[in-house]
Amino acid sequence: MQRLKMINTSSFCEAKKKVAILGSTGSIGQQALGVIRAFNSKAQIIGLAGGENLELLERQISEFQPKMFYSSVKPNLAYKGEFLSMEEIASHPEVNLVIIATSGKAGLSPMLAALRAGKVLALANKEVLVMAGEIITKEAECHQAQILPIDSEHSAVWQCLQGEKSKPRRLFLTASGGPFYCYSQLQLSQVTVEQALHHPTWKMGRKVTIDSATLMNKGLEAIEAHWLFTIPFEDIEILVHPQSIVHSIVEFMDGSMKAQLSQPDMRLPIQYALFYPERLPNPELPLLDWSKIQSLNFEPVDYNKFPCLKLALDAGKLGGTYPAVLCAADEVAVELFLDNKVTFTDIPRIVEKTLEQHASIAQPSLEQILAADAWAREYAERSSLCHCEHPTVIARNEVTKQSPRFLACLFSTLRASARNKLRNLRIAR
């Protein structure tokens, strides 16, 4: 039985949506506002939450006039709207649909608040389901809340499952392969931040663009699909599809397959989640021109070239607190790369080392998940200097194998390793 079930409420379809967007200043948040701008008779913004981009948030508030808002830095606005926390906005009685478009663990607490208030959630944040999939899906079932996917791949699977009574045999999630799929290992070690931020088909935020380049993003999506559609990992396959036109394929028990195809534009899955089950014409969305599509290519993934994907799949299969550690370590490693402190190929090294040193907890509580997240961030940050192998990065950070910083980092890493081994020994006894 799939966790995503149809919303059986005609009144929800007919009434004007009362929407809160958490992460409104990010890429998905801005695109969601663009969709609502095109259908302002069908949706009204009740709440907006942004990060540190106060200038953009102020413009959004000025245009959409939400009743409540939030930013990580409280703005000095001449505006009568109420300043509330993201949890308060997500669970507010006037809101009936919450778009979770924040990045990383920032969306976890607001999402749980929305679920406990029985809201409909349109989810663009992969990390929350990866970190706490079991807790989130149980809360959704307990409070009869609905989680609708905004990610193009999960939206595609969701659309393919409409009208089907039997469960799927397999899911095929497609990946563009990113900008470096044909690169050698030497070329990958020399990738710059500017190159990595230039995705060939999708327009996304900085963090998810880097995750797409490492293929970590596809591993996170596989874990998310596991929880959304209650499907075993062994029945989820990844295919490289450079054209990014086929977003997912669902194979059924009789061998039949369904696929969802469209131009690579996030506004389409956003619009589908916002106004489901209605399909509305939007002249701003690009249409496929079959006369210009010469071929659709698919090929298996090279896991050796892109180890982040295998690390994510293995963490998902192991479960416990490993997925939370995966997300945290990746977030730290990506930020270090964006700051030119480590190389592109250091990202999987940092993530792998952090996972290796972690003592996982089976069926963790929310507090244990957050503790694992905090530990992984500290460990990944501390061990990152020890993983810098590219000479330009070492020179840039003034770190050598004789420097006090390097030796302190190495000692700290060894001490953490010994501490974890001792902890495992005690657990074994």
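Accessible areas come from the Shrake-Rupley method with a 1.4 Å probe, and for residues only the protein chains shown count as cover. By this method the chain has an accessible surface of about 19,600 Å², and 52% of that surface belongs to carbon and sulfur atoms. The model is a predicted one, in which local features need pLDDT of at least 70 and side-chain atom pairs count only at pLDDT 80 or more, whereas totals for chains, interfaces and linings use all residues. Residues are numbered from 1 along each chain as its sequence is written, and side-chain values use heavy atoms, with hydrogens and water left out.

The chain contains 18 helices and 12 strands, these being DSSP runs numbered from the N terminus (H or I of at least four residues for helices, E of at least two for strands). Of its 429 residues, 55% count as buried, where buried means under 20% relative accessible area, exposed means over 50%, and partly exposed lies in between (1.4 Å probe, protein chains only). Among the contacts in the chain with a separation of 6 or more, 70% are accounted for by residues 24 or more positions apart, a contact being heavy atoms within 4.5 Å.

The structure holds 11 aromatic pairs, a pair being two rings of Phe, Tyr or Trp (its six-membered ring) with centres within 6.5 Å, counted as stacked if the planes are under 30 degrees apart, as edge-to-face if over 60, and as tilted otherwise. The rings of phenylalanine 69 and phenylalanine 83 have centres 5.4 Å apart and planes at 80°, so this pair is edge-to-face. Because phenylalanine 69 lies in strand β3 (residues 68-71) and phenylalanine 83 in strand β4 (residues 82-83), the pair ties together parts that are 14 residues apart in sequence. Phenylalanine 69 is buried, with a relative accessible area of 5%, whereas phenylalanine 83, at 27%, is partly exposed.

Another edge-to-face pair is formed by phenylalanine 337 and phenylalanine 344, with 5.7 Å from centre to centre and 65° between the planes. Phenylalanine 337 is buried at 2% relative accessibility, and phenylalanine 344 is buried at 4%.
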